[in-house]
Amino acid sequence: MSDMLHAELKKWINVIIQNKGLNSLESVQAMLIVACYSAERLLILSFATRMALDLGLHEAFEELTERLAMKNDENAYGIPEHDPERERGLMRKSRTWFGLLVLEHMLVFGLFVGV
């Protein structure tokens, strides 16, 4: 049963990787999860990183911090608040990007120390 599930999972990861139309935050998150449990973790992680860069996830944290800083300044002057839905989306993108970086560092560090 586990071999069937693994084969099905590999098939869908390949579909995601080969189809640019499926590039999304959720696809990156799915590949992060799969990378944690797969023998091909570094390969899957590299595809997830490429997709994340294509989606601009690496820019989300900077935009989020700028928006929050402006929000604090604007509230002092009575200017309306920013779109909270947009800020939640930026938070999800930022967390996914940082999760990708942390997992990559953990895996690469593990290779060098022989874990």
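This is a predicted model: local features need pLDDT of at least 70, side-chain atom pairs count only at pLDDT 80 or more; totals for chains, interfaces and linings use all residues.
Along the sequence, the elements follow the pattern α-α-α-α-α. Of the 115 residues in the chain, 29% are buried. The accessible surface amounts to about 7900 Å², and carbon and sulfur atoms account for 62% of this area. Among contacts between residues at least 6 apart in sequence, 59% link residues at least 24 apart.

In soluble globular proteins, nonpolar side chains tend to be buried together. In the present chain, the largest nonpolar core contains 18 residues, of which V28, M31, L45, A52, L57, L100 and L103 touch the most other members. Two or more residues of this core come from each of α1, α2 (25-37), α3 and α5 (84-113). The greatest contribution is that of α2, with six residues. When residues up to four places away in sequence are not counted, L45 touches L32, A35, L100, L103, E104 and L107.

The largest pocket has a volume of about 170 Å³. Its lining is formed by H6, L9, K10, I13, N14, I17, V34, S38, E40, L43, I44 and F47. The elements that supply two or more residues to this lining are α1 (2-18) and α3 (41-55). Of the elements, α1 gives the most to the lining of the largest pocket, with six residues. By residue class, the lining comprises seven nonpolar, three polar and two charged residues.

Technical notes:
Residues are numbered from 1 along each chain as its sequence is written. Side-chain values use heavy atoms; hydrogens and water are left out. On a 1 Å grid over the protein atoms alone, a cavity is a set of points where a 1.4 Å probe fits but cannot get out, and a pocket is an open set with protein on both sides within 12 Å along at least five of seven lines; lining residues have an atom within 4 Å of a point. Grid points are joined across faces, edges and corners, and a volume is the space filled by probe spheres set on the points. Helices (H or I, at least four residues) and strands (E, at least two) are DSSP runs, numbered from the N terminus. Ala, Val, Leu, Ile, Met, Phe, Trp, Tyr, Cys and Pro count as nonpolar, Asp, Glu, Lys and Arg as charged, and the others, Gly among them, as polar. A nonpolar core is a set of buried Ala, Val, Leu, Ile, Met, Phe, Trp, Tyr and Cys residues joined through side-chain atoms within 4.5 Å. Buried means under 20% relative accessible area, exposed over 50%, partly exposed in between (1.4 Å probe, protein chains only). Contact means heavy atoms within 4.5 Å. Accessible areas come from the Shrake-Rupley method with a 1.4 Å probe; for residues, only the protein chains shown count as cover.
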